[in-house]
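Please work through each task before reading its solution.

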Amino acid sequence: MSIPTLEELRALGAAQQPTYTDPAARDAAVARLRQMPPLVFAGEADQLREKLGAVARGEAFVLQGGDCAETFDGVNADNIRNKLRVLLSMAVVLTYAASVPVVKIGRIAGQYAKPRSSDSETRDGVTLPAYRGDAVNGFDFTPESRAHDPQRLLEVYHASAATLNLARAFTQGGYADLRKMHAWNSDFVRNSPVGAKYESVGAEIDKALAFMDAIGIDPDEFHTVDFYSSHEALLLEYEQALTRVDSRTGSLYDVSGHFLWIGERTRQIDGAHVELLSRIANPVGIKLGPTTTPDDALAYARKLNPDNVPGKLTFVTRFGAGKIRDLLPELVEKVHAAGVQVAWITDPMHGNTFATDNGYKTREFDDVIDEVRGFFEVHRSLGTWPGGVHVELTGDDVTECVGGGSKLVAADLAHRYETLCDPRLNRAQSLELAFLVAEMLRQR
């Protein structure tokens, strides 16, 4: 299978793409990207596909999370470490409390572009292009900042390379050792409403590790973590330039990340994004919103995973807490009846966004939990496996989502509202979510 050209992809229709005013500069940036080394390796993507195959069979669970949109300013050691720490801490809770292997995937090292509902934004009578993520333009509301700049595609590559380098060092170099869990979270344990609960889990793990030490068991899995990168495959120039032929097999891989997904706004079955991801051997996902029909889902499966390989395709549902119990059952039932091998993951964030009276876009923590609970209830009733959760989160103590153990209210949002796009769960809310999901898994 050949790599589709950008011209072929554009001819299919490509939603949510930048408008570059200088084609020569765009082509130069794409040409440079084509010369850059892979950010990830095909063998790593194969390993993840195998792990997701276990999820599709009901033998493992996915934890996927990270920023709504990464920023170039956020590429620093503290920020990357904090995101990894909260994800790994959540995974420890899920693994220990629910006794199920957890596949750890970050929305990291590539999540620099965002689809928008409008191409433009107006403030005080001035209209400029909407902010589409650092991969496309700047957040500052000036004509210079909001211009679509193809040079930013190269910045995405270098920022992603730096992030992956540090993530690999943290997860393979000893930082992710289970014995260091208390050191990661000493401040959290002191200050969080669920800190005591986390400390209790940590103490139980310490006892188990001490027993294993006493009888001479010390596997590598206690010291390192398999961690994978993912992002929405939104910008065709970037993803097409980083699609390469694997020298081992001759298959195509998008080496910008281990796992790529297609968003709700770009999932046209005959569109460019579905076509590009149908060509690659990476595991891929597709967001399915409330307008998705069972026939749509089956068409995506035929296009994106024609050989029905377990772990190749993930359906990420994002219905909203008020709709999931009504809309998900028919979708799961008909896909399952057709024999489609797919991992089911819930995104409980995007269908539960609203604006507060004081002007902040936010999410209610209880709505997030209710959508996850509905996801589990549907799968339990059908005898299928609720394969994972996909959440927007940060390792920092931001105030962007209301509710949770800290009982944040709308007035608190002004304290540390730092996201440039959608609201994220903070560190305490993320770990609280992990405990609640672990309880659902135990019941399952």
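**Exercise 1: Phe211**

Phe211 lies in helix H8 (residues 195-214); helices are DSSP runs of H or I with at least four residues, strands are runs of E with at least two, and both are numbered from the N terminus. The model is predicted: local features need pLDDT of at least 70, side-chain atom pairs count only at pLDDT 80 or more, and totals for chains, interfaces and linings use all residues. Residues are numbered from 1 along each chain as its sequence is written, and side-chain values use heavy atoms, without hydrogens and water.

Task: Determine whether Phe211 is buried or exposed.

Solution. Step 1: buried means under 20% relative accessible area, exposed over 50%, and partly exposed in between (1.4 Å probe, protein chains only). Step 2: the relative accessibility of Phe211 is 54%, so Phe211 is exposed.

**Exercise 2: A ring pair**

Task: Classify the pair formed by the rings of Tyr360 and Tyr417.

Solution. Step 1: rings of Phe, Tyr and Trp (its six-membered ring) pair if their centres lie within 6.5 Å; planes under 30 degrees apart are stacked, over 60 edge-to-face, and the rest tilted. Step 2: this rule gives six aromatic pairs. Step 3: the centres of Tyr360 and Tyr417 are 4.9 Å apart and the planes stand at 55°, so this pair is tilted. Step 4: Tyr360 lies in the loop between strand S12 (353-355) and strand S13 (361-363), and Tyr417 in the loop between strand S14 (388-392) and helix H14 (427-443), so the pair ties together parts 57 residues apart in sequence.
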